[in-house]
There are 2 protein chains.
Amino acid sequence: MRRRATLKDVARAAGVHPGTVSRVLHPRTRDLVNDETAARIERVVEELDYTPNVVARGLRTQRTGLVATVIPDLTNPVFPPIVRGIEDRLGQAGYMTLLVNTDNDPEREANAFSIMHQRQVDGLIAATAIRGDRSIPQMAAEGVPIVLVNRSLPRSKVPAVLPDDRDGMRQSVDHVVGLGHRQIVHVGGPTRLPTAAARRSGFRAAMKRAGLDPDAPVIEAAELTSADGERAATEALGARRRPTAIVAGNDLLALGAYRAAAALGLDIPGDVSIVGFNDMPFVDSFQPPLTTVRIPHHELGYRAADVLLDWIDSADDERSEPPQGNLRLPVQLVARGSTAPPPAKRSPRRKARAATN
Amino acid sequence: MRRRATLKDVARAAGVHPGTVSRVLHPRTRDLVNDETAARIERVVEELDYTPNVVARGLRTQRTGLVATVIPDLTNPVFPPIVRGIEDRLGQAGYMTLLVNTDNDPEREANAFSIMHQRQVDGLIAATAIRGDRSIPQMAAEGVPIVLVNRSLPRSKVPAVLPDDRDGMRQSVDHVVGLGHRQIVHVGGPTRLPTAAARRSGFRAAMKRAGLDPDAPVIEAAELTSADGERAATEALGARRRPTAIVAGNDLLALGAYRAAAALGLDIPGDVSIVGFNDMPFVDSFQPPLTTVRIPHHELGYRAADVLLDWIDSADDERSEPPQGNLRLPVQLVARGSTAPPPAKRSPRRKARAATN
DNA sequence: TTGTAGGCGTTATCAA
DNA sequence: TTGATAACGCCTACAA
């Protein structure tokens with residue numbers, strides 16, 4: 001097993017100087033060299049199966065062709081399609097992606113960033129912005145192109161690509177309101193997560209617009225898990241005036257609400273309607289299939305990578321500015337089996353099931 | 001925004017030669033240098049916030065600290081935990097992982113490998129072995145440490161870390177046999193996938209061991225999707241002697257079987273029991289919750305990375321051998337709601353539901 | 001205990 | 001049109 005051929009090997013075999021070979025290999029400088037010698041060189045390249053050493057090139061050019069993707073946890077089903085979208089876009093441009101999980105631990109996050117910095121990544125895509133995060137703006141200040149995906153960092157200049165959470169909440173609320181619901185409660189995630197905060201405020205705004213109590217109950221789950229969702233939903237359903245609809249902050253919380261309803265002997269959607277958010281895989285196989293808001297996860301990643309690439313490419317121009325503002329992608333409510341008109345009395349136009357109230 | 005400090009900067013500031021600084025920075029050579037100067041150098045390192053340039057080091061040492069992870073599609077729910085396991089182990093050792101999706105396209109796979117090779121990755125973990133794959137053995141022959149995860153390449157020397165598919169099938173079959181089933185059918189994936197082939201042969205062996213017809217019907221779905229699973233299961237359930245249990249090749253196929261049963265008006269598990277394989281997220285939220293075989297996905301990745309690291313570390317020793325053979329991790333059947341004794345008549349000891357037969 | 005020098009494989013500038 | 005040269009930042013055998 002012999003050593004990989006280098007530029008020098010090719011040059012020697014072709015009887016030219018390494019510099020000339022390098023020129024032939026680069027489209028931009030290719031026509032500086034005689035067609036004949038170029039052809040000869042290309043033949044040798046073929047023969048020796050030469051392929052440039054990206055590390056050496058990186059040392060010289062200060063570019064690695066590497067982009068870091070920093071996410072909390074790949075195991076969370078929202079991330080795989082996002083990462084896939086990122087990779088799809090980066091791959092087209094000849095970049096590769098380094099993946100890191102931080103479990104939302106600020107320390108691990110800071111550590112990851114510094115490692116990425118050492119590794120000379122050309123840019124960074126992060127899905128980990130926690131409210132008040134230090135390290136991301138700092139990174140950005142160091143001149144590393146960085147874009148956020150799926151989360152944003154309010155009052156920072158870091159560009160972000162996001163789902164339109166507020167509009168999704170509007171669609172959810174309008175949907176259940178349209179079905180006749182009036183007692184609606186939001187089971188949301190912890191508001192230290194910007195996403196959860198945005199959805200919560202979207203809920204409030206939508207309620208207000210619908211002419212309902214903008215101070216409608218909002219219950220905050222401790223974490224974005226089905227267990228915490230169940231706890232929160234149990235609390236919600238135990239209220240004096242039991243809500244007829246739960247608009248959840250994400251599908252996991254909605255799943256928790258399913259369990260809470262089951263434990264209380266309530267039928268979905270007969271007694272209570274439930275709306276999720278995210279449209280994770282398999283929520284259409286829940287019983288009943290979950291009505292939820294579909295987020296274009298793949299596109300989120302794809303567009304984030306796109307923004308980043310633009311930034312990287314333009315970073316050579318001194319006078320170019322980093323991208324401004326956030327990109328908000330449209331979301332879409334998908335009505336399935338977990339929502340229906342509220343139990344009898346209130347909306348007499350449809351089949352009424354047990355109205356325990 | 002000033003340039004990052006280099007070894008030379010540190011040396012100058014500390015009034016020593018770069019070589020000395022380098023020595024201080026490496027544990028192995030650290031004690032070759034005077035404690036006093038070392039301390040001084042470390043202070044400067046701190047002050048200048050020096051951090052080594054990994055690219056330059058890589059050029060010099062021929063090591064990048066990068067490992068490529070090549071999978072078919074991150075969006076397939078089995079992979080995220082595997083990738084996470086890989087990353088967890090690699091991270092401990094200071095390695096990072098480059099992720100690529102190939103969609104099981106041999107051309108993209110070959111391409112990915114060649115790109116990884118260019119990028120000088122120290123090793124490779126692949127989950128993409130297709131029967132008769134060319135590029136993996138070739139890669140291995142070039143001396144790149146490579147280990148397979150979740151799939152193996154029979155009759156090649158490439159080490160693999162796998163779930164014990166055959167034993168999983170044994171557990172599945174034993175489970176339904178223990179419940180009293182005799183008419184059992186296997187709905188498996190396409191046998192060009194080594195995993196599907198292994199599970200199929202495991203099914204046959206288990207049937208034989210259970211004293212049942214080892215030539216029991218096996219239906220091969222075109223792809224590992226719920227749609228193809230539904231087709232295959234519909235066929236299975238339409239047979240002259242309708243099976244009372246379907247042992248599926250994976251959870252997606254099992255989900256297809258759920259749909260097929262529903263379409264035929266059959267109750268699960270009243271009329272037909274269904275067993276999955278993989279224990280994907282949320283199958284416990286199916287209706288009924290799916291009985292399936294749990295695979296230690298995270299550990300699969302973790303151990304694969306472990307094997308790879310050992311190999312990389314020992315690759316310096318000329319006389320060291322690449323790891324031999326496959327590592328087979330134990331799997332565990334998780335009994336949930338989709339399995340029960342067969343309909344009346346056959347097993348009179350338990351509640352009998354509609355026995356259409 | 002520390003300095004010296006050469007080279008890892010490229011690319012970019014300058015000269016011929 | 002091509003060659004020579006230096007440099008990117010680091011490591012390491014060898015010399016001092």
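The following dialogue shows how to read several features of this predicted model.

Me: How many residues surround DNA strand C, and which are the closest?

Reply: A residue is near a strand if its C-beta atom, placed from the backbone, lies within 6 Å of it. Here 24 residues surround DNA strand C, and the closest are A:L7, A:N53, A:A56, B:G19 and B:N34.

Me: Which elements give two or more residues to that surface?

Reply: Helices (H or I, at least four residues) and strands (E, at least two) are DSSP runs, numbered from the N terminus. The elements in question are α1 (7-14), α2 (18-25) and α4 (54-61) of chain A, with α2 (18-25) and α4 (54-61) of chain B. The most comes from α4(A), with 5 residues.

Me: What surrounds DNA strand D?

Reply: Around DNA strand D there are 25 residues, the closest being A:N34, B:T6, B:L7, B:G19 and B:N53. Chain A contributes two or more residues from each of α2 and α4, and chain B from each of α1 (7-14), α2 and α4.

Me: How many residues of chain A are in contact with chain B?

Reply: Two residues are in contact if their C-beta atoms, placed from the backbone, lie within 7 Å. By this rule, 34 residues of chain A are in contact with 34 residues of chain B. On the chain A side, α4, α5 (79-92) and β2 (96-101) each give two or more residues.

Me: How do the β2 strands of the two chains run?

Reply: Two strands pair if DSSP finds at least two bridges between them. Strand β2(A) is joined to β2 (residues 96-101) of chain B by 3 bridges, and the two run antiparallel. Within this pairing, A:L99 stands opposite B:T97, and A:T97 stands opposite B:L99.

Me: What is the order of the strands in the sheet, and why is one side of each edge strand left without a neighbour?

Reply: The open sheet of 12 strands has the order β11(A)-β5(A)-β4(A)-β3(A)-β1(A)-β2(A)-β2(B)-β1(B)-β3(B)-β4(B)-β5(B)-β11(B), with mixed pairing. At the edges stand β11 (326-329) of chain A and β11 (326-329) of chain B, each with a single partner strand, so one side of each has no neighbour in the sheet.

Terms used:
Residues numbered from 1 in each chain as written. Chains lettered and ligands numbered in written order. Predicted model: local features only at pLDDT ≥ 70, side-chain atom pairs only at ≥ 80, totals over all residues.
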